[in-house]
Amino acid sequence: MKHVKRLASVLLAMVMVLAMGVTAFATAPEGDGGNTGKVIIKNAIPEKEYSIYKIFNQENYKADGQGSYTVEPGWEGFIEDSALNKIFVVDNGYVAIKEGVDADALAAEFAQNALAYAKANKIKPMAAKIAGAAAEGEKTTKVEFTDLAMGYYLVDSSTGALCSLDATTPDATVTEKNDEPTVDKEVQEASANIGDTVHYTVTIKAQAGAENYVLHDTMSTGLTFNNDVTVVHMRGDVEIAGLTVGKDYIVTPDSGEVKGDGSETFTVEFSNEYASNLEPGDTLVVTYTATINEEAEVVLTETNEAKLTYGDNNETTSDKTETKNFSIPVYKFGVEGGNNTGLAGAEFVLTKESYGSVDDAKDHAMSFENAGNNVYFYNSNLASITSQVTNIKTPVDGKFIIKGLAAGTYYLWETKAPDGYNQLKEAVTIVIANNGDITVDGKTFTPAQNLTAGGSEDSMVQVENKSGVNLPSTGGIGTTIFYIVGGVLVVGAAILLIAKKRAK
């Protein structure tokens, strides 16, 4: 009887313990002879699954929770494993508490190990229910397990979220005190040049009792993962030390660069042992980088999605970021007969800074890869440019396009004018906004992304050249005029002289 009373008191104390799965008594309603009981889960998350496992059978039920307990079939191995179960032993067929054990301190570990044992040994729950929709104006709902044989139960949710327990008579009530984990993803660079490194931060807001946390990251084809993941565990503004790669979390793949292809690029898997120590509101801050690669020449918006799977049923939550690179389409023209006409033979360089002269600009010109068809790609990683050019020459229609640029201000300098036209002495200032729109001389427009479809002159940076002036040349019409005027004067003088003689 002494062991029975001590066991009952410990079990009652354990109902206030916070654990991944929580232990709960199923107590009998008054007047039914002590045969069945009920477990109520309050504040249940709608559409999430809740499961209940029976660990001990209870005999000789009393309203204060005292009674005799035997091991439920299937759980014998767990109770006999001293490494998993540090609290209970079986004495003469009944459950007893080990001498000198602080059961309260080990309750959370007991619940976690019991849940892991159930899953590893494919022990099915006594019952499982999916929480229904919340009432109008409410965010949570209620789940009830009824007609339960008297005993000691383990309660779990598919989210892996923590439940706390409040035992009452005649019902046992489990109160879900946590919400689902969340993922927030940020990118430091809203736009970037091809070849630039972009920096990502994923913040996982954890919930107590976390289990099966796996971060999945997916990069589009224009991104190359640099395999440089770091994880920091924060509790408020305080960093919790001791997070170790390879033990507390595993990154796969764990070495080498990985080029995105639109499918899963890498994962960060957190151990359940570490996750079980997370408290509500703790955050796991995951940082890593990627490089804008040459595939961004085709896709101008690079996406990166972070998805967290968690809990028993691989519940998911996700967030996505975008990094863009932009284009500058240029139309070089002159005016002939009142119409704009594309000019061939003009030459340009592009700079990121303003300079005092064209010669200075040439010394700081950006390098491009000539992709043919009057398309030029900028790449901040010069080593990856196979055919570097700094001088861009206009074709017959006067149109070319530069791709792979981050938002910012650029300066387009004319280094050579077409034959018969005046060279521009000042740079054309081009401002690319974060949405890709271009502003030149106070005019803002959405640029064409290619030179064929949709590449009208109104969606390009228009650069006009004025034609030169042809001055009179020696032996030309200029001296002829002098000869004619001189001849007329001589003839006039002769006529005047003859007229005077006749008059006399």
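Visitor: In which sense do β24 and strand β36 (residues 461-464) pair, and over how many bridges?

Guide: Happy to start there, with a predicted model in which local features need pLDDT of at least 70, side-chain atom pairs count only at pLDDT 80 or more, and totals for chains, interfaces and linings use all residues. Residues are numbered from 1 along each chain as its sequence is written, and side-chain values use heavy atoms, leaving out hydrogens and water. Strands are DSSP runs of E, at least two residues, numbered from the N terminus, and two of them pair if DSSP finds at least two bridges between them. In this pair Lys-332 stands opposite Val-463, and the sense is parallel, over four bridges.

Visitor: Which residue takes a positive phi in the hairpin of β24 and β25?

Guide: β24 and β25 (residues 339-342) run antiparallel, joined by four bridges. Val-335 stands opposite Asn-340 there. Two residues lie between the strands, and the one with a positive phi near 60° is Gly-337.

Visitor: How many residues of strand β24 are buried?

Guide: Buried means under 20% relative accessible area, using a 1.4 Å probe and protein chains only. Strand β24 spans residues 326-336 and is mostly covered. Its buried residues number nine of eleven.

Visitor: Which side chain does Thr-415 join in a polar contact?

Guide: Thr-415 is found in strand β32 (residues 408-416) and is buried, at a relative accessible area of 11%. A polar contact is a pair of N or O atoms within 3.5 Å; within protein, one must be able to donate a hydrogen and the other to accept it, and residues adjacent in sequence count only if both atoms are side-chain atoms. At 3.3 Å, the partner of Thr-415 is Asn-391.

Notes. Buried means under 20% relative accessible area, exposed over 50%, partly exposed in between (1.4 Å probe, protein chains only).
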